Structures are given as C-alpha cells and as structure tokens.
Amino acid sequence: MAEAHITPPRLTLRRITKIYPGCVANDSIDLNIEPAEIHALLGENGAGKSTLMKVIYGLVKPDQGEVLWDGMPVEIKDPAQARKLGIGMVFQHFSLFETLTVTENIALALGDDAGDLPSLAKRIREVSEKYGMALNPDREIHTLSVGERQRVEIVRCLVQPIKLLILDEPTSVLTPQEVETLFVTLRQLAKEGCAILFISHKLDEVRALCHNATILRAGKVSGECKPADESSQSIARMMVGDDTPISTDYPKVLREEPFLQVSGLNRVSDDPFGTDLHNISFSVNAGEILGIAGVAGNGQEELLGALSGEDQVENHDAIHFPHGAVGHLSPRERRAAGMAFVPEERLGRGAVPDMSLKDNALLTGFLTGLVNRGMIAHGKTREFAEKIIDRYKVKTPGTEAHAESLSGGNLQKFIIGREIMQNPKLLIAAHPTWGVDIGAATAIHKALIELRDKGAAILVVSEDIDELFQISDRIGAICHGRISPIKPTPDTTINEVGRWMAGDFDEVEIKA
Amino acid sequence: MIKLEPRGQHSKLMAWLSPVFAGILTLISGAILFALLGQDPLEALHTLLIMPVSDIYGLAELCVKAAPILLCAIGLSVVFKAKVWNIGAEGQLLMGGLIGSACALALIDAEGFWVLPLVLLAGMVGGALWAGLAAWLKTSFNANEILTTIMLNYIALNLLIWAVHGPLKDPDGYNFPESAMFSDSALIPTLIDGTRIHFGMLFALLAVVIIWVLLSRSFLGFQIKVLGLDSSAARLAGFREKRLVWIALLISGALAGLAGVGEVAGPLGQLVPSISPGYGYAAIIVAFLGRLHPVGILLATLLMALIYMGGEMAQITLGLPVALTGLFQGMLLFYLLACDVLINFRIRIPALSKSAADKLAVKEEAVN
C-alpha cells in the first residue's frame, strides 16, 4: 500500500451529500478506493449504500461534494459517461431480456460500442475463459441459471476496458460454491489493477474477500476498518450502533408429530419461464422450524403458491393437514384450519400499500372475531393493530399510518406479528428477513422461535443460507423444482446444503 | 419553465382540492367561450348556473334531475372501488326502464300498494341482469368490462327503441313510439304538490347511506376495496375475486336500473325512446368528481344536475345550443384529470429560490 502515496487513488469521494425530501440519504461521505483494491461498502438497508453507488455510476447527482477520478475532479453526468471512464456496475436485479441471447443482451447494453455481433461473441468467450466464468454467448437468457445470468452482467462490464467494478449484493443469488468461484474471479481482476467496490451485508464474505471496508449508518460513515482484522460481531456493531441487539444462537429441537405433509406434489408452472414442481415431498412437524434453502427461481414461488392456496393442486392429497387433505381448499379455508402465511412481497401481497395498518390487520385477521355478522368491528380491529404494533415494536405514528409509509423492516415486523398473533398451528414464511435491517431481523427470528416453542409448525423458505442455519431445526434445499433430502441442521453443513442448492442430490423416495 | 416533481406520497388535501380547481377552471373556460360567442360572460354563467335554481320549482326540478344521476353514480362508486370499470350505467338504466315498464304495462289494470314495489323491483332486476352479463363475460371469459359494458349500452338502447315501436307501443297512441300511460298504482307519488319531485330522490339518498355503510363498515365493502387496491393481497387473504366482481357489478347495475325505472314510473309516467339524456355517462364523471366518496358524489351530482338544467335554460333564454351541457361536462372531466396530477406531483418553478420551494414542501407535508 506504500505506492498509494505516489499514484492517486482510483476514486475519491469528498463530502458527498444527497438529500431527498424528508431524508438525508448521504451526509458528507468520504471514500477512497485504490487501484487493485477490493473495497467493501457495508451498511444496513437505508444506510445510504444504494444512493452512494448511484452517485458513482452517474444515476444520481449529489447535492454537494466532489468526485475525483485518478486524482482529477470529474462530474459524472450519466451511466454512459461512467462507462467511458471505465466504471462498470452489476446491479442486484438483473436487467436482461429473457428471449435474447447472451451476445444480443450485451450488445444492447453497450450500444454503439458493441461492434458486430460475431466479434463481440468472440470477445465474450475470451473474457469468460480468462476469468474462469464459463459462458456460452449463443444461449438465450431464459435457459441460464441465476448464477450464469450474473456472469452475463459481469462479463458485460469486462468486455470494455474496466478500472472500477461495482457489485451490489452479488452473492445474495448464489450458492456457497458459486460464491467461491466468483471470489476467485474478483481476486484475479483486482490483481490486474481493477478496483472493486463490493456492496454486501454478509460479513463473513466481506472478511474473506475485501482489503478495506467503509461502513455506513443512517447516511454517514460510521467506521472504516480492515475486515480481516475484525470479527463479524465487531463489524456488525459498527453497522447497527450500540443499542441494537445482534442475533444469538437458538437451541435446536427435534419433533416427530407432523402438521403439514406434502407428498408427491407435482405442478406445471403458469409462467412460461417459471419452474415446474416434480414430486415434492416433505413434512413439517409441530414445534419445529423446517428451512428450505435454494437460489431464487428454482420453484420456490410455485411451491409457496400451492401451499398458500392461491394456486390449487389437482391431487388434493398432495398437501395434507392433520384433519385431512387441503390441496383443494382456498387460502381462507386453509387459514381457518390453522395456517398463517408471510409472503415474499410485503407491499402488494402481504399488505395493501394504500391502506392503513388497521385495515391491513383486518386483511388476514378477519377470522379472529374482527368481523361480526358481516360488519367490521372497528374498535376490536384497532386494538388488534395496536397490540401488533406494541408487541413487535413496529415504528409508526399509529394504526392509521398507511402500510407504504413504513420501512421494509417495520412493515415485515407488522406482517409477521399479524400472522403470529392469530396463534397459527402452521406458519409459512417466505424470505422473512429479506432486505430487513439486523435489528428487525433479530426481532423476527426471536418471534419465530417463540412461536415454535409454543408448538407451531413453521416452514421458512429463504435464499439466506446463514439465516436458515441459525433458526431451522431441520434443513433441505430446492433446485429445479425438486426437493433435496432433509436433515437435522446439526447433522449437515453449509457445504452440503450448498451442493443441494446446486441440484447435487438423489431424488427423495416417494411414499406410495 | 414549470417543472413537475413527485411528491413522494399522495396529498390528501389536493385529492379534495382538485375537483374544486377543476370547477373553477371550467367556469373560467366557460366564460371565455361565452365571450367568444358574443354573450356577456357573467350573464351567461348566471343563466347557466343560478337562474335554474332561483325558485322552488327550479330546486324541485334539480332534485328530479339529480335522482337518477345520484343512483347511477353511487352504484358506480362500488364497482370503481373494485377497479372494475363499468361504463354501462347508461345501458343498465335503460334496461331498468324497459323491464320496469314492461312490468307496469302488464299490470296496467291492477290496483294495490304492491304494484309499485313490484315495478321498481323489476327495474332493478333489469339493470342487474344487464350488468350481470358483463360480470359473466368478465369472470368466465376474461372479457374486458369496459368494452362489453359500452357495447351493451348500444344493445340496450336499441332494445328499448324496438320495444316502444313494437310490443310495448300504446295501441291507442296514434302510432307514436310511446307506451300507454301507467296506472296510478304503478306511479311513484310526488313529494311536494305542484312540482315533479317524487320519492325517487329519497330512494337515491337512502342508497347513498346504504352504500356508505357498505363501503366503510361492512367486511364485504372492505373486500371490494382490497380487490381494487391490490388484487394479489386479496387473493392471498382468500377473498373470492370472481364473487366480488359479480356482487359489485350487480349492485351497480341494480341501482342504475332503479334510476331507469324511477324515470319511467316517476316524471315520465310512460316508456318513451328518450328516457335518459346520458345520465349513465354523466354519472361516471360524477363518481370521479366526487372522489368515489358518498358525500363528494352527492355534491357532484347536484352540480351535474345543475349543468343539465342550465343547458336547457341557456337554450331557451340565450338561444345557445343544448350541446353546451355536454361541453361543460367534458370540460369538467378534462380539468379534473389534469388537476389530479397535483395529487402525486407538485409544481415547481425553478426560478423560485430553492429554500422557498423547500419551505412550501414542508408546509404541504404539515397540512397532510
């Protein structure tokens, strides 16, 4: 690092400030990235990471502050100019056209710089081989896995001269093995002199990969460190501050009395690019948490739709509660039989954005005495909403606040609280802490464990493998619409589940 | 230059001010139009908006015009809340008038208190059936209700014209396309002697109260609102979407049908080809002008009824074409849609200093 004093940093941000109506997204932020450095940008949701990235990539114009590129002041007006400087960005949500090939997609992104397609395809092949990212330029996007799609996005940045690569939560869509492969590529890139800005909230990965880290909290830089010298706990402290509890370990249990039994569930997806379910069989016992891992798009949506009752299955017996088959029952009838459900989308499925919290409490709570002869018991509904807010510490002005005005974490606490307060015998939760800050995630985990200890069967479907190992009593994975073996959590390893997530398992025997 | 800037959240204040702005802009445009036509703008506006209601008779006529609009609009507020775009209140109104008339004519020799309720019920069933057709097409074949209800409007109008020229024509009517006058038992009694105001206005007010309770207090109304705001949340909660679409359309159709039968059994007393000067279409404007809220709809209805009367008055006293009514309705809707942009956006004039604009924003947020 001695040479850093001689050559100027690749990128310097000085006192970057961006104010949105009602919130200071970035408050006087300083950041230095050297050539060949892998720099982590850490922070909870809403800490200002996304805004800062967008400033660097020319998507957002800062209100104050300056940007220095190789020591020279620049004003990055738009992404095209950023690309010209040598800045590439891989977004968390890919913007690829499903029905076009890899080459065509990259050509569209590059615009006039793409050149003719055959020579671009050649360049793509060269780059992908050089960095160990196998990729066939002629394949159409819809045939690719999520990990391969991410390679398309990365290769798109690398076919042009690149000096700074920004990656936004790149590992959230990958299996642990794919993460390792990605890290090899990134280390090789850095060795060649490319600076990398790595945005993440997975602290173990940051410690394994990054040279330096800048930590943001509430729009300000709250700390800088060398991740390798710190513990995950100490970095988490810098992210959340002193007064928020950080997650703990929960004792595991083993139970034997099944509540939800899925056997031989087959379903053809309604979505042409969806995943069909093949012979899914598993059971969730009363008093335990079953975790199902998997990379997005491997049939989770289809499985959850069949379990919630939004999509009914032909073979009624494929989904079974203790009192009988439920495959043909509507969501409402399944709720009446003791099921509660936390969907992946908070706004627009779990809660109505444009309705008050009180109305949103009624949305699924209507079976618990809030409706009397067809009329809404407004007093009781308000009380119910107040209890949820109070018990699960939802930060909101009151029960009349609209769901859309709440932050992701607060709304998720409200939705999970709403489901748990109905005393379900079975709770199905999809990605319960996705995009939620650490404080809220800890509160949500605690609530799930409490419900488990009261004897409820809980199914958690999540892409976050660390979370599943933390709270699940038994764990399995879903890949290409097939389910892996399911093992008690202490008897398996992250590596084994990672292999399951990649489809490396023999299919489970189906009971007759 | 003026710039539009997203507010970040809806402005409740603007949601209610927007109809007021639309009204003011319509008045200003109307005044300019009158001036161009060579009329004194103030006098013309006076003729249009004040003269019609300057005596008891005028006020009573206002209520006569308001009743069918109010019934249609309050029914539309239910379907529109469910985001089911029923454009067919006009056709449902006509079918209500037609079936109600058929019932009244079949019972022309009958006497008794039961005749009128039966006639009214027949009208409501007629309107509900017509809306039910659209519900069936939507829920079974996923046919867009905007198209089906518009087409059903024309079918209803032609059915009505066929009926008054054919089976329902008065045999003693010198071949005029009119039915016979209904018997007294089938007529809605008037409220005040010497005017045409009848019990239909009370039905309309009662409907407003019932729909208000339905939408704000009942679980059915709640489900309808959830369906409109967020259909995937409704599905996850287990609300039955198709059933709700049926219910909303049937309510809306029945109320429009009641409006139709209220016309033939009320001020008209017989079936004629022109039972509605477009009340069903005007009700769409009224429903949005009133923000789909019962009180708002009541106020918007009175304004719309006034424009109908003003158009007739302007034709009589100023010699202006009666198309004026449609023109004013159109301007009102046009300006309303334009002003509604302000609910989600604020106007910003960059020339204005930034701090002043920020202060304005803070003030607006405080109001919200």
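This is a predicted model: local features need pLDDT of at least 70, side-chain atom pairs count only at pLDDT 80 or more; totals for chains, interfaces and linings use all residues.

Trainee: OK, where is His480(A) found?

Mentor: His480(A) sits in the loop between strand E21 (474-479) and strand E22 (482-483) of chain A. It has a positive phi of about 50 degrees although it is not a glycine.

Trainee: Why point that out?

Mentor: Because most residues other than glycine have a negative phi.

Trainee: Is His480(A) buried or exposed?

Mentor: Exposed, with a relative accessible area of 52%. The cut-offs are under 20% relative accessible area for buried, over 50% for exposed, and partly exposed in between (1.4 Å probe, protein chains only).

Trainee: Which strand does Arg15(A) lie in?

Mentor: Arg15(A) is in strand E1 (residues 11-20) of chain A. Its phi is also positive, about 45 degrees, although Arg15(A) is not a glycine. At 48% relative accessibility, Arg15(A) counts as partly exposed.

Trainee: New topic: how many residues of helix H1 of chain A are buried?

Mentor: Six of the eight in H1 (residues 49-56), so that helix is largely enclosed by the rest of the structure. Among them are Leu52(A), Met53(A) and Ile56(A). Just after H1(A) comes Gly58(A), with a positive phi of about 80 degrees.

Trainee: And chain A as a whole, how many helices and strands?

Mentor: Chain A has 16 helices and 23 strands. Its radius of gyration is 24 Å, close to the 24 Å that the globule rule gives for 512 residues, so chain A is as compact as a globular protein of that length. That radius is taken over C-alpha atoms, and the rule is 2.2 Å times the number of residues to the power 0.38. Buried residues make up 56% of the 512 in chain A.

Trainee: What about chain B, how many helices and strands there?

Mentor: Chain B has 15 helices and two strands. With 368 residues, a compact globule would have a radius of gyration near 21 Å, and the 22 Å of chain B agrees. Of those 368 residues, 52% count as buried. The C-alpha atoms of chain B fill a box of roughly 80 × 60 × 35 Å, taken along the principal axes.

Trainee: What pLDDT does chain B average?

Mentor: It averages 89, and 94% of the residues score at least 70. Over residues 360-368 of chain B, though, the pLDDT is below 50, and beyond near neighbours in sequence this stretch has nine contacts in the model. Here pLDDT is the predictor's confidence in each residue, from 0 to 100, and contact means heavy atoms within 4.5 Å.

Trainee: Last one: how many positive and negative side chains does chain B have?

Mentor: Chain B has 21 positive and 22 negative, and the centres of the two sets lie 20 Å apart. In chain A there are 54 positive and 72 negative side chains, with the centres 4 Å apart. Lys and Arg count as positive and Asp and Glu as negative, while His and the chain ends are not counted. The place of a charge is NZ of Lys, CZ of Arg, CG of Asp or CD of Glu.

Technical notes:
Residues are numbered from 1 along each chain as its sequence is written. Chains are lettered from A and ligands numbered from 1 in the order in which they are written. Side-chain values use heavy atoms; hydrogens and water are left out. Helices (H or I, at least four residues) and strands (E, at least two) are DSSP runs, numbered from the N terminus.
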